[in-house]
Every structure is written in C-alpha cells, then in structure tokens.
Amino acid sequence: MRRLRPRVTAWLARRYLRRTRHEGFDLSQMSMLPESALLPLKRAGLDPLPELARMREQEPVSKLPLPFGVNVWLVTGHAEAKAVLNDTEAFSNDIANVVGQTGAAADQSPGGLGFADPPAHSRLRRLLTPEFTMRRLSRLTPRIDAIVNERLDAMAEVDGPVDLVKEFALPIPSLAICELLGVPYEDREEFQRLGVARFDLFAGANASLGAISDSVSYLLKIVQKQREQPGDGLLGMIIKEHGDEIDDRELAGLADGVLTGGFETTASMLALGSIVLLQDRQRLELVRTDDSAVPGIVEELLRYLTVVQVAFPRFARKDVEIDGKKISEGDIVACSLSAANRDELFGADPESFAPERARSPHLAFGYGIHRCIGAELARMELRAAYPALVRRFPGIRLNVPLEGLTFRQTSIVFGVESLPVLLN
Ligand code: HEM
C-alpha cells in the first residue's frame with residue numbers, strides 16, 4: 001500500500017491539475033471523489049456548509065475518507081490553514097517536486113505561479129511584483145473609474161431588468177486586466193470574448209474546452225506585439241526591464257495566470273457582494289453615503305464571501321505534524337479558506353456579515369508566499385465599483401427572489417450565474 005499510494009496520489013493530482021489548468025475549476029465531474037471531498041466547495045445559500053463549522057470546532061485538520069489509501073487532509077481552522085500555507089519547506093504547490101518530473105506537472109504549460117515552488121516561483125513572482133505596487137497600480141485608478149462609469153452609462157440605457165453579472169461584474173475586471181497588462185484598445189473586444197468564454201468554462205464541464213488554449217495563443221500574439229513595441233502596461237514593462245530573462249511563451253503563461261487569478265474571482269466578488277448589499281439596505285446606504293465606511297465593508301465582504309473556497313492543493317514533501325495530526329510525505333492538503341474565514345477568531349457570530357466587527361486579518365487572499373499578488377488591484381476595483389453602482393442607482397433591487405438565483409455548485413471559485421436587477 002505504501003508503494004501504491006504515491007502513484008495514486010500522482011494520478012489524482014494529475015487529474016486535478018488537468019481540470020484546473022485546462023478544463024476549468026469544476027471538480028464535480030471527478031466521480032471518484034466521495035461527497036466528503038466536495039464539502040468545502042458546496043454552500044447553503046451564501047454560507048459554507050454547517051458541517052465545516054463542526055469540523056473546525058472538533059477537528060480543524062481532518063483526514064477525508066478516500067479509497068486506495070490516498071491521504072487528503074481538509075484544514076478548516078484559521079491558525080492551522082496559516083500554518084500550512086506558510087510552510088513552504090514542508091508543503092509544495094508543485095506535484096513534480098513530490099513525485100518527480102515524470103509526474104503530473106511535467107507536461108503542463110509554464111507560467112502558473114500558483115503551481116510553482118521556489119526558486120521558479122520566486123523568479124516569476126519577482127518579475128510581476130513591481131507591477132503590483134501601490135505606486136504602479138495608482139495609475140489605474142482613473143481608468144477603473146472610467147470603466148465603471150462606462151458600464152453604468154450602458155446599464156442606464158436599458159429598459160427593464162439588467163443582468164448585473166453580464167453588464168457589470170464580468171466586464172469590469174476584464175477591462176481592468178486589459179489596462180494592467182497593456183492590451184491595446186483594438187484587441188480588447190477579443191480579450192473580453194475570451195474572458196467570458198473562460199468564465200463559462202469555469203462554470204462546469206459542458207462549456208467550451210477550447211477557451212483556455214485559445215486564450216494562451218491569443219495572449220502569445222499580444223506578447224509578440226509588445227515585444228516589437230513595448231507599451232507602458234505590465235507586459236511592456238517586463239519586456240523593457242527583463243526581456244532577456246523570459247521568453248514569449250513563459251510571459252504569455254504569466255499573463256494567463258493573471259487573467260485566471262484576477263478575472264473570475266473579482267467578477268464573483270462584484271456579483272455576490274452586490275447581492276449582500278441589496279439584501280442589507282442599511283449597509284447599502286452606508287456604501288452610498290459614507291466614503292470612509294467603504295474599505296471596511298469591502299474587507300468584510302471579502303471575508304464573509306471568501307469566493308476562492310479552497311487554496312491550491314499543497315503536497316507534503318516530508319512527514320509533518322499540524323495540530324497534532326501526522327501528515328505523511330506525499331499526502332495532499334486542502335485548506336478551506338471559507339471555513340477558516342468563519343473561525344471564532346473573528347469574534348461573536350463569525351457566520352454573519354458584520355462590517356463593524358473588530359478587523360482581523362482574513363484569508364480571502366491566502367497567506368504566505370502564494371498570497372494573492374492582485375489583492376490591492378481587486379480592492380481598488382471593489383472600492384470603486386460598489387459605491388458607484390448604488391450612487392447611480394439608489395433604488396436598485398433584485399428582480400427575482402434570492403431563492404431564484406442559481407449559485408455555482410462545487411466550483412473552486414464560488415459565484416452566481418446571473419443576477420437580474422431592476423435599477424429604478
Ligand atoms: C477578490 C478578488 C481575488 C481573490 C478573492 C483572490 C484570491 C486569491 C487567493 C486565495 C490566492 C492564493 C491561493 C493559494 O495560496 O493557494 C490568490 C493567488 C493569486 N492571485 Fe488572486 N484573488 C483575487 C484577485 C486577483 C487579481 C485582481 C489578480 C491579478 C490581476 C490575481 C492574481 C493572482 C495570482 C497571479 C495568484 C498566484 C500568486 C502566487 O502563487 O504567488 N488575483 N488569489
């Protein structure tokens with residue numbers, strides 16, 4: 001059994017990586033996974049399942065019952081999740097470092113920061129970091145405002161209900177990433193089309209499987225253009241400053257990682273955060289009238305909704321103990337960020353949306369060396385978009401009962417399919 005286990009683990013990881021990298025984030029088709037493995041991906045309305053709260057209280061590091069002796073651990077406690085995410089000596093993000101280069105990652109495309117370990121991770125992250133400093137990002141503030149206002153103008157033209165996902169939540173992050181990367185205006189329509197195809201793909205197994213490879217070849221074209229004439233965006237800056245350290249394919253892979261990391265996540269936050277505010281008119285009024293309340297409300301929305309439900313899987317490189325549980329070399333560890341963000345650390349009634357609670361650091365952007373590189377950009381978008389929406393349309397309300405909305409089931413990034421609202 002001990003010799004079979006690494007092979008089964010590698011096979012499982014290979015299937016996982018194929019799905020996440022090439023076929024989207026929906027794990028529901030992995031029929032060999034028992035119900036318990038899907039627990040952290042399910043919700044009751046906007047909330048993580050109560051079962052996760054029970055696990056967090058009784059056994060914050062729990063072994064999931066899986067066949068073939070494969071060991072998968074689910075971490076639901078805040079401190080325990082931090083301990084795993086922060087320990088890059090004991091845990092790897094790259095299955096190849098656990099099972100060898102003939103394992104799962106060897107045939108995968110380069111560029112995914114989330115699947116890389118140091119030193120490869122440090123090298124790629126160093127290239128990106130200067131583009132995500134507040135100083136560099138601040139150049140995007142007027143652009144983000146313009147993108148948001150342009151969307152609101154377009155919505156104001158519509159008679160009757162508007163789908164907030166299609167008209168607001170999807171285009172804002174997509175266009176913000178165009179600005180960040182430096183995608184020329186004439187190429188943006190195609191970029192948006194690919195983004196939406198990608199979003200459909202994330203929704204499940206039925207959507208177009210071509211979308212991800214399409215987007216990498218498209219990004220490769222953008223990179224080649226920038227190589228000839230580097231602009232002021234992220235791609236142009238990396239080419240100007242580090243052009244000889246990175247080839248076009250790797251750079252297209254990095255851009256694809258930025259698109260993957262920054263598009264669906266922010267779109268989901270915009271849509272789900274709007275639902276919370278539409279249900280809570282008092283907080284909606286605060287967002288509309290009090291600028292100083294907005295950052296706190298955004299932070300609480302990030303914690304409360306935790307749209308990235310689980311972190312990338314971590315693979316134990318060696319035997320290690322977390323919260324008294326012995327995790328063995330080759331075991332897979334999944335950190336449930338949504339469960340950890342409802343930890344009692346957040347004070348009384350962590351299950352409720354309460355922006356006035358004392359602020360504790362949440363894990364919605366992860367923790368440690370893989371912590372979200374786009375966190376500040378995401379905050380900029382959310383802080384601009386929610387107030388602008390409710391200021392322009394103070395009477396905005398859902399056009400269907402909450403129960404009539406279709407939420408994504410068992411998808412790593414939690415979200416809602418569509419969000420019909422009346423604006424006036
Ligand atoms: C509200 C929006 C967002 C949320 C909730 C979010 C959440 C996360 C989380 C939880 C991780 C860490 C996963 C782990 O450790 O396993 C992560 C990593 C990452 N995110 Fe975000 N993200 C958001 C927006 C963005 C944006 C706007 C960008 C870029 C434009 C971005 C790019 C990335 C990248 C490249 C990584 C990998 C970092 C690394 O491995 O070093 N994300 N994100």
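A salt bridge here is a side-chain nitrogen of Lys or Arg within 4 Å of a carboxyl oxygen of Asp or Glu. The legends below describe close-up views of a predicted model.

**Figure 1. The salt bridge between R56 and E351.** The closest N and O atoms of R56 and E351 are 3.8 Å apart. Across the whole structure, a search finds 30 salt bridges.

**Figure 2. Helix α15 against helix α17.** Helix α15 spans residues 264-279, and helix α17 spans residues 294-305. Their axes come within 10 Å and cross at roughly 105°. Angles of 65 to 115 degrees count as roughly perpendicular, and α15 and α17 are therefore roughly perpendicular to each other. From α15, the contact takes in M269, L272, G273, V276 and L277. These meet I297, L301, L302, Y304 and L305 of α17. By class, the contact has nine nonpolar residues, one polar residue and no charged residues.

**Figure 3. Helix α15 against helix α16.** Helix α16 covers residues 281-289. The axes of α15 and α16 come within 5 Å, crossing at roughly 110°. These two helices, too, are therefore roughly perpendicular to each other. L277, L278 and Q279 represent α15 in the contact. Their partners in α16 are R281, R283, L284 and V287. Four residues of this contact are nonpolar, one is polar and two are charged. L277 of α15 also takes part in the contact with α17.

**Figure 4. The second largest cavity.** The structure holds four cavities of 30 Å³ or more. By class, the lining has four nonpolar, three polar and five charged residues.

**Figure 5. The cis peptide bond between P118 and P119.** Omega is about 5° for the bond that joins these two prolines. P119 is found in the loop between α5 (96-99) and α6 (120-128).

**Figure 6. The backbone at T306.** T306 is not a glycine, yet its phi is positive, at about 30°. T306 lies in the loop between α17 and β7 (314-316).

Conventions: Residues are numbered from 1 along each chain as its sequence is written. This is a predicted model: local features need pLDDT of at least 70, side-chain atom pairs count only at pLDDT 80 or more; totals for chains, interfaces and linings use all residues. Side-chain values use heavy atoms; hydrogens and water are left out. On a 1 Å grid over the protein atoms alone, a cavity is a set of points where a 1.4 Å probe fits but cannot get out, and a pocket is an open set with protein on both sides within 12 Å along at least five of seven lines; lining residues have an atom within 4 Å of a point. Grid points are joined across faces, edges and corners, and a volume is the space filled by probe spheres set on the points. Ala, Val, Leu, Ile, Met, Phe, Trp, Tyr, Cys and Pro count as nonpolar, Asp, Glu, Lys and Arg as charged, and the others, Gly among them, as polar. Axes are lines fitted to C-alpha atoms, for helices over the stretch in contact, and angles run from 0 to 180 degrees between N-to-C directions. Helices (H or I, at least four residues) and strands (E, at least two) are DSSP runs, numbered from the N terminus. Angles under 35 degrees count as roughly parallel, over 145 as roughly antiparallel, 65 to 115 as roughly perpendicular and the rest as oblique. Contact means heavy atoms within 4.5 Å.
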